[in-house]
Amino acid sequence: MSTNPYDSQGSDPQGPSIDVAGKVSSPAIALLVTGILNVLTGLYQVANNIFTMMKGDQMREQNPAFEQLQNEGVDPAQVTQMIQGMGVVGIVLSVIAILVAVLIIRGALSMKKLENHGSARTAAILAMIPCISPCCIVG
């Protein structure tokens, strides 16, 4: 007995049975929603980090934590560079999350079409990793 959920046991040679397609339809849709939410979250984070980089001087003036750094003798230009550096790191991490989301979406579509078991399994595993997926929100 095969453990492949996409295996068409006992069906005609034309393709997988409707029963198998019905069993993977709901998880595939949930995986697709997770991937789409991840793309949207990543795009928001990219925009937010770009805004943070552009408004570094204003953020430095408005945030009490940065004021405390200035009171301790840290140069304001260094604080601005630190804010901009955080923005660059945030953009890089967001782009990685978007690329992972594309893989999740691709795997979800493969699962829905009953095509590539490895891609679907990889997508399901990637969707469970907390730092690169909204799995804690979606469940």
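**Close-up 1. The surroundings of N49 in the predicted model.** Once its neighbours within four places in sequence are left aside, N49 is in contact with M86, G87, G90, I91 and S94. The residue itself has its place in helix α1, and the coordinates shown here, as in every view below, belong to a predicted model. With a relative accessible area of 15%, N49 counts as buried, because the cut-off for that word is under 20%.

**Close-up 2. The largest nonpolar core.** This core is made up of 14 residues, and those with the most contacts inside it are L31, V100, I104, M111 and L126. Three helices, namely α1 (18-54), α4 (76-113) and α5 (117-127), each supply at least two residues of the core. In soluble globular proteins, nonpolar side chains tend to be buried together.

**Close-up 3. A nonpolar patch on the surface.** The residues I29, V33, I36, L37, L40 and L43 form a nonpolar patch on the surface, and together they have about 510 Å² of accessible area. One of these residues, L43, is found in helix α1, the helix that also holds N49.

**Close-up 4. L114 in the loop between α4 and α5.** Although L114 is not a glycine, its phi is positive, at about 60°. Most residues other than glycine have a negative phi.

**Close-up 5. The whole chain, for orientation.** Six helices and zero strands are present in the protein chain, so that, read from the N terminus on, the order of elements is α-α-α-α-α-α. The protein chain has 139 residues, of which 31% count as buried, and its accessible surface comes to about 8,900 Å², with 63% of that surface belonging to carbon and sulfur atoms. When contacts between residues at least 6 apart in sequence are considered, 59% of them join residues at least 24 apart.

**Close-up 6. Confidence along the chain.** The average pLDDT of the protein chain is 80, and 81% of the residues score at least 70. Confidence is highest in α5, at a mean of 90, and lowest in helix α6 (residues 135-138), where the mean is 64. Where pLDDT is low, the predicted coordinates should not be read in detail.

Notes. Residues are numbered from 1 along each chain as its sequence is written. Side-chain values use heavy atoms; hydrogens and water are left out. Helices (H or I, at least four residues) and strands (E, at least two) are DSSP runs, numbered from the N terminus. Buried means under 20% relative accessible area, exposed over 50%, partly exposed in between (1.4 Å probe, protein chains only). Contact means heavy atoms within 4.5 Å. Accessible areas come from the Shrake-Rupley method with a 1.4 Å probe; for residues, only the protein chains shown count as cover. A nonpolar core is a set of buried Ala, Val, Leu, Ile, Met, Phe, Trp, Tyr and Cys residues joined through side-chain atoms within 4.5 Å. Patches are made of residues with over 30% relative accessible area and no salt bridge: like charges are joined within 9 Å, nonpolar side chains (Val, Leu, Ile, Met, Phe, Trp, Tyr) within 5 Å. A salt bridge is a side-chain nitrogen of Lys or Arg within 4 Å of a carboxyl oxygen of Asp or Glu. pLDDT is the predictor's confidence in each residue, from 0 to 100.
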